[in-house]
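Trainee: I am new to this structure and would like to go through it step by step. Please show it to me before we start.

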Amino acid sequence: MINTKELTTGCYVKVNGKPHRVDEIFNNAVGLEKWDTLFISSDLEPIPITKELLLKSGFVEESYDEFYDYIKEVDSHWIAFKRVSNTPNRDWYLHIVSCGRCTVGGCDIQYIHQVQTFCNVLGIDLKLKL
């Protein structure tokens with residue numbers, strides 16, 4: 001289940017095990033691209049961040065002073081994911097650097113919709129291939 005307040009348009013979620021793009025958001029329901037019906041929050045499943053998804057979406061596996069594991073430049077921003085596997089409930093750390101000069105944000109993150117919402121708020125068009 002995903003709280004619809006965590007979503008922005010364009011985020012990907014799973015419904016019945018398949019990824020779909022959110023194109024409308026209401027209080028406790030969303031509309032999905034190519035669907036004429038609404039789905040309530042209990043129908044929505046998060047999509048976990050995986051190494052395969054990041055590589056497929058154009059991220060490069062890289063080690064920079066052992067800090068970044070996967071990195072990609074998007075709209076003059078560097079987006080990096082660090083794999084944190086030893087800590088429970090903390091699978092990934094997201095780090096965004098704006099124009100190579102200042103840190104915009106960094107946070108623990110687990111799911112694709114969280115990354116997309118974070119980037120959407122910053123005006124970064126993160127294109128992911130699912």
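Trainee: Which residue forms a salt bridge with Arg21, with the closest N and O atoms 3.5 Å apart?
Mentor: A salt bridge is a side-chain nitrogen of Lys or Arg within 4 Å of a carboxyl oxygen of Asp or Glu, and at 3.5 Å between its closest N and O atoms the pair made by Arg21 qualifies with Glu33. This is a predicted model, in which local features need pLDDT of at least 70 and side-chain atom pairs count only at pLDDT 80 or more, while totals for chains, interfaces and linings use all residues. Residues are numbered from 1 along each chain as its sequence is written, and side-chain values use heavy atoms, with hydrogens and water left out. The partner of Arg21 in this salt bridge is therefore, by the definition above, Glu33.

Trainee: How many residues apart in sequence are the parts that Arg21 and Glu33 tie together?
Mentor: Elements here are DSSP runs numbered from the N terminus, where helices are H or I of at least four residues and strands are E of at least two. Arg21 sits in strand β2 (residues 18–25), whereas Glu33 belongs to the loop between β3 (29–32) and β4 (38–40), so the parts that the pair ties together are separated in sequence by twelve residues.

Trainee: Which element holds Lys51, the salt-bridge partner of Glu61?
Mentor: The closest N and O atoms of Glu61 and Lys51 are 3.8 Å apart. Glu61 lies in strand β5 (residues 60–61), so the pair ties together parts that are ten residues apart in sequence. Glu61 is partly exposed at 48% and Lys51 is partly exposed at 35%. The element that holds Lys51, spanning residues 51–56, is helix α1.

Trainee: How many salt bridges does the count come to?
Mentor: Besides the pairs already discussed, Lys127 forms a salt bridge with Asp125, the closest N and O atoms being 2.4 Å apart. In that pair Lys127 counts as exposed at 54%, whereas Asp125 is partly exposed at 43%. By the 4 Å rule the count of salt bridges is four.

Trainee: How much space lies in the largest pocket?
Mentor: On a 1 Å grid over the protein atoms alone, a pocket is an open set of points where a 1.4 Å probe fits, with protein on both sides within 12 Å along at least five of seven lines, and lining residues have an atom within 4 Å of a point. The lining of the largest pocket includes Arg21, Asp125 and Lys127, together with others such as Cys11 and Leu126. Grid points are joined across faces, edges and corners, and the volume is the space filled by probe spheres set on the points. For the largest pocket, that space is about 170 Å³.

Trainee: How far apart in space are Leu126 and Cys11, C-alpha to C-alpha?
Mentor: Leu126 is in the segment after α2 and is buried at 9% relative accessibility. Leaving aside residues up to four places away in sequence, Leu126 touches Phe59, Val74, Ile79, Val115 and Cys119, a contact being heavy atoms within 4.5 Å. Leu126 and Cys11 are 115 residues apart in sequence, yet their C-alpha separation in space is 10.0 Å.

How values were computed
Buried < 20%, exposed > 50% of the residue type's maximum accessible area, 1.4 Å probe, protein only.
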